[in-house]
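Here's a quick briefing to read alongside the coordinates. Have the viewer open and click along as you go.

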Amino acid sequence: MGLSSLVISYRNDGDGPRSGDARSHLGEAEWLDLEAALRLVADYGGTECVIFGWSMGATMALDTLRRSPWARMIKGLVLVSPVLAWEDVLRANARRQGYPQFLGSLVTLLLASKGFSQLVGLDTPLDLRNSDRARIESSLSTPTLILHNRNDWSVPFETSSRFATTHKSSVELIGFDCTGHTQEWNSDPVGWDLAVRRWYEDLFPHGS
C-alpha cells in the first residue's frame, strides 16, 4: 500500500536487548519497547501510524495504547491471533497438554505472587489477571481489525469474539479456518491482504 514500515524487536526476543532476568514478561514490560519505536518515528518526523501486532504483539499494542502518552500517534490497530487475555491462553494450553484448565488460572494467580515469580526467574511479579481485565474492558475508540483463526488451539478465538462484541463500534473481527497459531496469512494470503487493504482504505480514504 506504499506505507513506510518499521519492524521492531523487543527485549529478550533474540534481536532486542536482554532484560535483567532475561525472561518474557508477557507484554507487561515489552510494551515499553513499542513505545520507544513510536518515539523513534516521531524523531524522524512521523506523526501517526498503524500498529500491526501478532500474538503477544497485540498485547503490547493494546497496552501501549492504554498506558503510553505516545498513544496519540496510533491511528489504527491490526491484530493477528491476538493475545487479549493471558488467563484464557494459559487455560487453553493446559487443556491442549491434557491438564485441567484450572491450572491455567492457577498459574495466572501464582505469577502475581513475589515468591512464585522469583522461583521462575522473574525479577517482578506479573499481575496478569488485572491486566487482562483492563485490556478487555477499557474503552477503545481506535479503529481495530482482528484477523484470527477459529481453530487456534493456543490463543482462543472466543476471546477475540468477546472482545469484538465488547467494542463493536471500533473492532472488526474476521475469522479464518486453518490450523495452528498465527497461520492466517499462510493459509489465505489473498484473503488476508484484501481484508487489511479494505479496512485501511475505509480508515484512510484516498491514502489520507
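**Charge, then the rest**

The chain carries 20 positive and 25 negative side chains, with the centres of the two sets sitting 5 Å apart. Keep in mind that this is a predicted model. Below is a tour of the overall build, the cores and a handful of residues worth a click.

**Overall build**

- You'll find 9 helices and 4 strands in the chain, and from the N terminus on they run α-β-α-β-α-α-α-α-β-α-β-α-α.
- The radius of gyration is 17 Å, close to the 17 Å that the globule rule gives for 208 residues, so the chain is as compact as a globular protein of that length.
- Along the principal axes, the C-alpha atoms fill a box of roughly 55 × 40 × 30 Å.
- Buried residues account for 43% of the 208 in the chain.
- The accessible surface is about 10,800 Å², and carbon and sulfur atoms own 52% of that.
- Take the contacts between residues at least 6 apart in sequence: 72% of them join residues at least 24 apart.

**Nonpolar cores**

- The largest nonpolar core has 32 residues, and the ones touching the most other members are Ile 51, Leu 77, Leu 79, Trp 86 and Phe 163.
- At least two residues of this core come from each of α1 (31-43), β1 (49-54), α2, β2 (74-80), α3, α6 and α7 (157-166).
- The largest share, 6 residues, is supplied by α2.
- A second, separate core counts 13 residues, among them Val 78, Val 80, Val 196 and Tyr 200.
- Back in the largest core, Phe 163 touches Leu 62, Leu 84, Arg 135, Ile 136, Leu 140, Ile 146 and Val 171, leaving out residues up to four places away in sequence.

**Helix α3**

- Helix α3 spans residues 86-96, and its buried residues include Trp 86, Glu 87, Val 89, Ala 92 and Ala 94.
- What do the buried residues of α3 pack against? Their partners are α2 (56-67), α4 (102-111) and α6 (128-137).
- After α3 comes Gly 98, with a positive phi near 85°.

- Glu 35 sits in helix α1 and has a relative accessible area of 10%, which is under the 20% cut-off, so Glu 35 counts as buried.
- Neighbours within four places in sequence aside, Glu 35 is in contact with Thr 64, Ser 68, Pro 69 and Trp 70.
- Ser 160 belongs to helix α7 and is buried too, at a relative accessible area of 0%.
- Not counting residues up to four places away in sequence, Ser 160 touches Pro 82, Leu 84, Ile 146, His 148 and Leu 173.
- From Ser 160 to Leu 147 is 13 residues in sequence and 9.0 Å in space, C-alpha to C-alpha.

**Backbone spots to check**

- Most residues other than glycine have a negative phi.
- Ala 22 has a positive phi, near 55°, and lies in the segment before α1.
- Is Ala 22 buried or partly exposed? With 24% relative accessibility, Ala 22 counts as partly exposed.
- Ser 81 also has a positive phi, near 45°, and lies in the loop between β2 and α3.
- Ser 81 is buried, with a relative accessible area of 0%.

Definitions and conventions:
Residues numbered from 1 in each chain as written. Predicted model: local features only at pLDDT ≥ 70, side-chain atom pairs only at ≥ 80, totals over all residues. Heavy atoms only, no water. Rg over C-alpha atoms; globule rule 2.2 N^0.38 Å. Buried < 20%, exposed > 50% of the residue type's maximum accessible area, 1.4 Å probe, protein only. Contact = heavy atoms within 4.5 Å. Areas by Shrake-Rupley, 256 points an atom, 1.4 Å probe, with all protein chains shown as cover. Lys, Arg positive; Asp, Glu negative; His and termini not counted. Charge placed at Lys NZ, Arg CZ, Asp CG, Glu CD. Core = buried A, V, L, I, M, F, W, Y, C linked by side-chain atoms within 4.5 Å.
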